[in-house]
Amino acid sequence: MKLSQKLSWIVVVSVLLTTILALFIYYQSSKQSLLRSEIADLKHQTQALVDVSIKRLLMENDSEQLADITQLLSAQNEYDSEQHFLLDLDKNFILAGPWQSIPENLQINYTDESLAAVFKQPLSLIAQHLGRVKLLDDFYEVIAIEIAPMQWSYFRMIPTDKILAPLQKQIWLTLLLITLAMILAGVLINIAARRMIVTPLLGLTDKARHYACGDVDTTSILTSGVDEIAQLERALDTMQENLCKETEQLLISEQRYRDVVDTVREVIVQIGKNGTWQFLSPTWRHLSGNNYKTSVHKPVAEFLHPSEHQKISRVIKSLYSGDIQSWLGEVRLLTIDQRYIWINMSLQVNIKQHMIVGTLENIHMARLSKDVNDTLRTAEKMVLVADCSMSTLLTFIAQEMVLIMDVPLFWIMLCKDKHQKQLFAAGERQDFLYDNDGLWLGLHNEGGPVMQVVRDCVPIHINQYSNVDSVWKVRLKRDDLQDSLFFPFNPSNEYQGVIGIHSELVEQFDKEYQQIMTVFASELRLICQIAEDQRLMRLHRMAVEKTANAIMITDEKGIIEWVNDSFIRLTQYNIDEVLGLSPRLLRSGENHAGYVRDIWQTVSDGDVWQGEIVNRRKDGSLFNVLYTITPLTDNDGMTTHFVAILEDVTERHAAQQRINYLATHDGLTGLPNRSLLQDRLAQAIFHAQRHNTKMAVLFIDVDQFKYINDSLGHQQGDELLKTLTQRLQKMIRGEDTLARFGGDEFVVVMPEITDINDACNMANKLLDQMQQPYHLASHELTVTGSIGISIYPDDAIEPDDLIQYADAAMYLAKDQGRNNSQFYTQAINEKIVHRLNLEKGLRKALESDEFVLLYQPKIDLYTGQIIGMEALIRWQSPELGLVPPMDFIPLAEETGIILPIGEWVMTTACEQMKVWLKKFPWLNNVAINISIKQFKQADFVKQAATILDQIGIPANKVEFELTESLVMNDVESAIQTMEGLKALGITLSIDDFGTGYSSLSYLKRFPVDILKIDRSFVSELDSDTSDHAIVRSIIALADNLGLQVVAEGVERKQQQDLLTLLGCQFAQGYFFSKPISVDEMTTLLTENQP
């Protein structure tokens, strides 16, 4: 159907439907009005008719009355099929039906309920409309009135459809006229639409068809006009002009894109969802040797090394699934000549095209160079750290190079003479080098490339075009070795050698390969020379180390540079604990004051010094040594080193010492007696005075000991004292002296205390031990003690005074109820009270949420980026105020409260780090300081694992900081615990590195990741050359061991610059930020997002 016809039909049908709807509404409204009007007229007629009938009824006799009324009412039939009913007072019919003859039986059976309901309604003397009823299948309008005086009821029923018949006739006539008018209007609209709309639209359609075919020379359909069709034509012309311009620009852009794609070094690729190439730029042929048509729509994995098929399939699947948005990796690409080259593959998802796009970059030579360099560095570490032999080294090199170069054969041959040859080979074609009787004799053929390289010391490249010895040519052809390189390799003056590498591919060893191998051969020669030097050094060292006497070598300043195994056995020090230190490490204090001066005076003159010295072992035990010290000089006669030979002569003095011991010790308990006590006390006072430190004297008395002697006898009393002595000795420190003063009195001399709390703690420990049950024969006893304490120099400076004051304080303890300790002065008592308050507050601080963690950021000095932070605890006590960590941390360690505090710190720091990682996922980790008591717990590793599991934080996002003293306290146990933490994935660091005495031999065994340079070295880094040298050495040491370095306490820009210059990548300190709260750290991280 044409558009004009459609428009005509639409208009006609729309108007016709509207008209029908209007007529229907008009009919409904008019019907009601007509009914109301007609019924009102009928009511008036009926009223008048009844009035006349009543008058006649009153005037005439009864016999004629009914006939007159019948005749009068029947004459009023205005509509056909009217029904009239006249009922008497008893509702019996007088008249019924359309005025037929009077019924003989006026008793009517009301079978029609609707009619019966009408007849039963009460009437009035005025005519009224009683509504509509259905009678004989037709609807009637009922008009009724009461006729007085007989009280008859008159009902007139007029058919409803008769009343509405004129209206219906008028409606149908109107509808017919409107339909005819609409048909005429439709014809006119069809003609107008065809001329004004359809014809121009057909023209526009034809014009658009020409545009689509590329014909832009079309005439205008409407030369003028402002209607919509004219506007449409002008818009179509404008669109065509714009499309022409855009097409031209698109062609230019496409040409530029093709120029870029054709000239860019990387291959631009598209990969479909099925893992096949969808597009490859022209550079693909240069990279792989394959052309576009034979490569496109083939699986990507088909062009990669078999070991990488699954990996690349997973990457493509992850990119399309949205698990990752991009991927960058190095893979091996199969070239047309069946060799593999390293490429850098960069892929990402193009959301609009729903396709993977990326680039392929040839990094083969760079990757080979890197892998070769990494192998050389590994070999260097094997030599320096593991004392690897040259044989093991070259075997390792050959095995690694055959994999790196992806060749069938790589070998290194060393010759000392004609009979001493060593060959180190790797690869599937090793049989090339051998015959049935051993090495292939052709290797030493004078005309062959091996001997030529040995003679001329220049590399030789052999391929299918080279003029080579016939024996070699046949051999190479037999094993299908198409390309070969030979390099001179002379690791030492004794050995001459050759490095050989062979390939089955033609022209594989181009100039870049040769350059890599040249550098490789040169560096390998240096590493082998280092290995040989190491071998000679080991030989010389073994000769000295296995001697029976201890040997120590120092530099000209007396700093220990080397000791042998006998020295270690004699002194009990590990080698790393004495290197770099002075022999004063062994000083016992038992030698005369001038012995050091005598030694230096003798050896400085170039003479040998010999004499006996009393030294102290690591465990504190003394031993007598006969020293022979010999100076070593250089060619100029300058002393460079001293060699000391130590002979243990302790046993010579054993008898004399036994005599001296019995003279100065108690016979019952074996403790020092009063005489030795005086000497020890004098020494302690001298030591404290010299070092400006404090010392303490504890006077102990056994409570009620007299009653034990009296009741059980002196023998049982002596047994109790011996048992008590053993208990007390276990409690005191190694440097303390426990002496029996007399009877049941004991004295403890504590020669060096850092704080008076040390004496109080010791007294409490002793009292706890004293009151433990004693089992003597069949008796179980419990005794207590009283202890008095005096402090040097606070209370006295003389030995007798200190003992006397401690004795007086002991009696004060007895007065206080026994089983306690008392200080001599009130001032010290006040300090103890403060310490007790501090300890009490510390115990409830954790429950009261008084601890808070601050965080100090760690900075990458190369980028300035925050890479992590250290968690630092602070205590804000309501009673004591802000308590410095140096005050409460040692107390927490001593009392054991550090364990729940440490667990709280770990939990809180990990929970906060988990929150930060959601917003700042680039953060490396949060560092947590671990105390020695925490670390020594048997289940510490399990505790850490539980916390990590409960919080749900990755273990590699947590760093534990351990001090040198912590890990050196029990090395083997520490290593076991550290390995357990590393197995969880936790990062480990050595805090305050350089301030302790950690052994380098142990350091390489420790599974740590980070060394933290102590702030004491950093603080004067820009002004103190020694600190500068120490920091440089620590960084170099960490680099050799593959560890990271973090510098602490950076407070100035100069320090940052020097650390960066020295190669330290990470640092923290007030220069970057002081320790700050969680909110402040969150703000800082937000401002410093990468």
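Good morning. I begin with helix H25, residues 940-951: at 1.5 Å a residue, its 12 residues should span 16 Å, and the end C-alpha atoms lie 17 Å apart, which agrees. Please bear in mind throughout that this is a predicted model.

Which residues of H25 are buried? They are Phe940, Gln943, Ala944, Ile947, Leu948 and Ile951. These residues cover an arc of only 130 degrees around the axis, which puts them on the same side of H25. The general principle is that an α-helix has 3.6 residues a turn, so residues three or four places apart point the same way. On the other side of H25, Lys942, Asp949 and Gln950 are exposed.

What covers the buried residues of H25? The cover includes helix H23 (898-919), helix H24 (932-936), strand E34 (958-963) and helix H27. After H25 comes Gly952, with a positive phi near 80 degrees.

I turn now to H27 itself, residues 971-984. Its 14 residues, at 1.5 Å each, should span 20 Å, and the end C-alpha atoms are 20 Å apart, in agreement. Buried in H27 are Val971, Ala974, Ile975, Thr977, Met978 and Leu981. Viewed down the axis of H27, the buried residues fall within an arc of 170 degrees, so they line one face of the helix. Gln976 and Ala983, on the other side of H27, are exposed. Just after H27, Gly985 has a positive phi of about 105 degrees.

My next topic is a pair of helices. Two packed helices are described by the angle between their axes and the distance between the axes. For helix H8 (residues 364-386) and helix H12 (residues 511-545), the axes come within 10 Å and cross at roughly 5 degrees. Angles under 35 degrees count as roughly parallel, and H8 and H12 are therefore roughly parallel to each other. Residues of H8 in this contact include Met365, Leu368, Val372, Leu376 and Val383, and those of H12 include Tyr513, Ile516, Phe520, Leu524 and Ile527.

Next, the cysteines. How many disulfides does a search of the whole structure find? The search finds zero. As for individual cysteines, Cys457 is partly exposed, at 42% relative accessible area, whereas Cys1064 is buried, at 0%.

Finally, the chain as a whole. The protein chain has 32 helices and 38 strands. Of its 1090 residues, 44% count as buried. Among contacts between residues at least 6 apart in sequence, 59% join residues at least 24 apart. Thank you.

Key: Residues are numbered from 1 along each chain as its sequence is written. This is a predicted model: local features need pLDDT of at least 70, side-chain atom pairs count only at pLDDT 80 or more; totals for chains, interfaces and linings use all residues. Side-chain values use heavy atoms; hydrogens and water are left out. A disulfide is a pair of cysteine sulfur atoms within 2.5 Å. Buried means under 20% relative accessible area, exposed over 50%, partly exposed in between (1.4 Å probe, protein chains only). Helices (H or I, at least four residues) and strands (E, at least two) are DSSP runs, numbered from the N terminus. The expected span of a helix is 1.5 Å times one less than its number of residues. The arc is that of the directions from the helix axis to the C-beta atoms. Axes are lines fitted to C-alpha atoms, for helices over the stretch in contact, and angles run from 0 to 180 degrees between N-to-C directions. Angles under 35 degrees count as roughly parallel, over 145 as roughly antiparallel, 65 to 115 as roughly perpendicular and the rest as oblique. Contact means heavy atoms within 4.5 Å.
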